[in-house]
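Good morning, everyone. Please look at the screen, and I will walk you through a few contacts.

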Amino acid sequence: MRVRTSAAALIAALAAVSLLTLTYGQIALPLADTLGALMGTQSTDLARQIVLEIRLPRVAAAIIAGGALGMAGVLMQALFRNPVADAWSLGLLAGGQFGVALTVTAAAFAGPAAVSFLTIFEGPSITLAAAAGVAVAAVFMLALGRRVGAITLLVIGLMLGFTSQGLTSVLLHFAARAGGRVYGGWQDASFAAIAPASLPWLLAPIVIGAAAAVATAKPLSSLLLGETYARSLGVRVTSLRHAVLAATVLLVAPVVAFCGPVSFVGLIAPHFARALAGTARILPLLPLAALGGALLAVAGDAIVHAPWEQHFLHLNNILAILGAPVVILILIFSPAVRQWR
Amino acid sequence: MLDLKSLAVGYRSAGGPLLSGIEVSAEAGDFICILGRNGSGKSTLMRTIAGLQPSLGGAARLGGEDVASMRPATRARRIAVMLTERAFNPGLRVEDVVALARQPFTGWEGRLGDADRAAIADAVAVMGIEPFLRRYFNSLSDGERQRVMIARALAQTPRLMILDEITAFLDLPSRVEIMALLRSHAKAKGQVILLSSHDLDLSLQLADSVWLLDGAGGFSAGTPDALSRSGAVGRAFDTGAIRFSPSEGRFEIGTSGSA
């Protein structure tokens with residue numbers, strides 16, 4: 001009941017913010033024209049073009065990516081048993097970026113053929129490269145997570161994130177000099193860079209990842225009690241870990257590949273979901289965290305693309321302003337975190 | 001119902017089993033206390049019987065089935081454990097912890113049915129934990145936490161319950177209450193309960209039978225009376241400073257000579 005009410009409220013808020021952000025930009029559109037363009041009913045050609053070709057892909061990317069990060073956050077916080085775990089904070093996004101940068105650089109040095117191959121198969125190839133980077137980072141952090149405490153892991157994750165982002169920009173610099181067409185501007189998170197044709201490449205792995213997340217939800221809930229209790233409840237812990245890792249990679253890699261390192265969304269959304277659901281069981285958290293993540297991502301994007309005098313905001317700036325204080329509050333006040341201090 | 005057939009337990013790497021050749025049986029309704037000093041292998045034995053650790057030889061059979069070769073899901077319906085390992089669970093509320101016990105019985109969603117709810121309500125009532133169902137598990141005191149974890153094991157409605165030092169953080173009246181309650185629970189539900197404890201007096205008074213580990217690889221089983229009289233309890237626990245008196249059924253601080 002609580003879950004359904006919360007989900008309905010989140011969907012309403014998400015629809016409202018999405019619609020609002022479709023109406024404004026460099027050209028303000030009346031709500032009626034925006035709706036008309038969406039519905040395929042009467043509207044102006046200009047409105048149709050702006051809404052459907054420019055703004056809708058951006059908003060759709062924000063919803064899909066935000067939802068994926070929210071679900072991945074739920075999975076990671078349960079898998080690592082760490083309330084501040086998420087794909088960004090533990091360096092998985094940076095790992096994915098590094099994977100992409102390595103691939104692009106390798107192609108640039110391999111020659112024009114490799115570069116044009118990458119360009120033609122841009123969607124699958126950079127998603128795969130990102131997936132490899134995300135997976136390596138995730139496996140490493142999981143191994144490390146068994147040795148160090150939650151907060152230490154967070155700090156290490158952030159540091160590794162900085163390191164691989166630094167390496168990524170160095171690599172991309174060399175790749176650019178070697179003649180590769182390089183994903184400029186992608187080092188910052190943004191939902192605006194995605195081409196409408198790439199949306200299916202963003203969506204497909206995330207849908208599979210979400211299905212995998214739902215399928216692992218029940219055994220993952222018992223892992224909250226610890227490995228031995230989970231085993232005593234009939235869970236095959238090793239295969240569960242692998243399945244959850246795979247789901248996380250599927251959810252996160254396309255986001256890195258097409259939207260860059262979107263910060264804070266995956267970390268915060270699970271906490272909102274838990275507060276709304278009143279439980280830590282995984283299954284009810286997944287839809288709420290997906291909706292909450294999508295809402296946060298769209299709201300951040302809406303602020304970035306508000307009709308400012310000039311375009312000066314970056315998505316991660318907004319997400320940091322919205323998100324970092326929440327994380328600080330979680331660290332200070334959450335009863336779930338208190339034991340780690 | 002529970003039969004150990006020349007069971008050997010321990011760690012492969014540690015050079016030989018801690019205990020071997022254990023032959024003992026328990027009937028439905030038996031309340032069994034496992035006694036022994038620290039390091040005598042109580043936890044290892046219990047984990048092996050629970051199927052959480054491979055045996056080094058022999059088998060533990062529950063209702064004729066080898067525990068080690070049961071499917072994990074089947075085993076989870078038959079055996080509940082409570083371990084000294086501290087459950088460490090961010091964001092879980094007490095009601096979630098108890099409800100997780102029903103996972104082996106629910107579908108892929110983990111949705112609770114009427115039977116599940118009834119089992120949970122039963123366990124909650126037996127352990128008297130209604131007042132803190134909505135609290136975070138991590139915010140409980142050690143004693144409260146132990147009551148919740150016992151309720152969780154009860155809610156799993158197993159045939160065999162394996163409880164490792166579950167009363168360590170409870171005061172004496174609570175220990176007596178919980179041990180007596182578990183004993184009558186075993187009788188009422190026809191379960192076997194294996195419980196390890198450092199509470200010798202209480203165990204010797206309440207157990208149907210006692211499994212005694214002497215710390216040197218020796219295992220003996222019998223009624224509390226028989227083990228006290230045969231001197232087995234004394235052999236397992238006597239030191240220079242304390243001595244078990246079979247006639248009194250309790251320990252005496254060594255006054256004669258040794259002190």
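B:Phe219 is partly exposed, because its relative accessible area is 21%. Buried means under 20% relative accessible area, exposed means over 50%, and partly exposed lies in between, with a 1.4 Å probe and protein chains only. A word on the model: it is predicted, so local features need pLDDT of at least 70 and side-chain atom pairs pLDDT 80 or more, while totals for chains, interfaces and linings use all residues. Residues are numbered from 1 along each chain as its sequence is written, chains are lettered from A and ligands numbered from 1 in the order written, and side-chain values use heavy atoms, without hydrogens and water.

Back to the rings. A pair of aromatic rings is described by the distance of the centres and the angle of the planes. Rings of Phe, Tyr and Trp (its six-membered ring) pair if their centres lie within 6.5 Å; planes under 30 degrees apart are stacked, over 60 edge-to-face, and the rest tilted. Over all chains, the structure holds two aromatic pairs. In one, A:Trp88 and A:Phe264 have ring centres 4.5 Å apart and planes at 40°, so this pair is tilted. A:Trp88 is in the loop between helices H3 (45–79) and H4 (92–110) of chain A, and A:Phe264 in the loop between H10 (237–259) and H11 (265–277) of chain A. That puts them 176 residues apart. Helices (H or I, at least four residues) and strands (E, at least two) are DSSP runs, numbered from the N terminus. A:Trp88 is partly exposed at 22% relative accessibility. A:Phe264 is buried at 11%.

B:Trp211 and B:Phe219 have ring centres 5.8 Å apart and planes at 65°, so that pair is edge-to-face. B:Trp211 is buried, with a relative accessible area of 1%.

Next, strand E3 of chain B, residues 31–36. How many of its residues are buried? Six of six. B:Phe31, B:Cys33 and B:Leu35 point one way, and B:Ile32, B:Ile34 and B:Gly36 the other. Two strands pair if DSSP finds at least two bridges between them. E3(B) runs parallel to E8(B), residues 192–196, with four bridges. There, B:Ile32 has B:Leu194 as its bridge partner. E3(B) also pairs with E9(B), residues 209–213, in the parallel sense over five bridges. B:Leu35 stands opposite B:Leu212 in E9(B).

Now salt bridges. Each is a side-chain nitrogen of Lys or Arg within 4 Å of a carboxyl oxygen of Asp or Glu. Take B:Glu65 and B:Arg78, which meet at 2.5 Å, N to O. B:Glu65 is in strand E5 (residues 65–66) of chain B and B:Arg78 in helix H2 (residues 72–78) of chain B, 13 residues apart.

B:Arg147 bridges to B:Glu177, with the closest N and O atoms 3.1 Å apart. B:Arg147 lies in helix H5 (residues 142–155) of chain B and B:Glu177 in helix H6 (residues 172–189) of chain B, so the pair ties together parts 30 residues apart in sequence. B:Arg147 is buried at 15% relative accessibility, whereas B:Glu177 is partly exposed at 36%.

Which residue meets B:Lys187 in a salt bridge? B:Asp208 does, at 2.4 Å, N to O. Over in chain A, a network of salt bridges links A:Arg146, A:Glu227 and A:Arg241.
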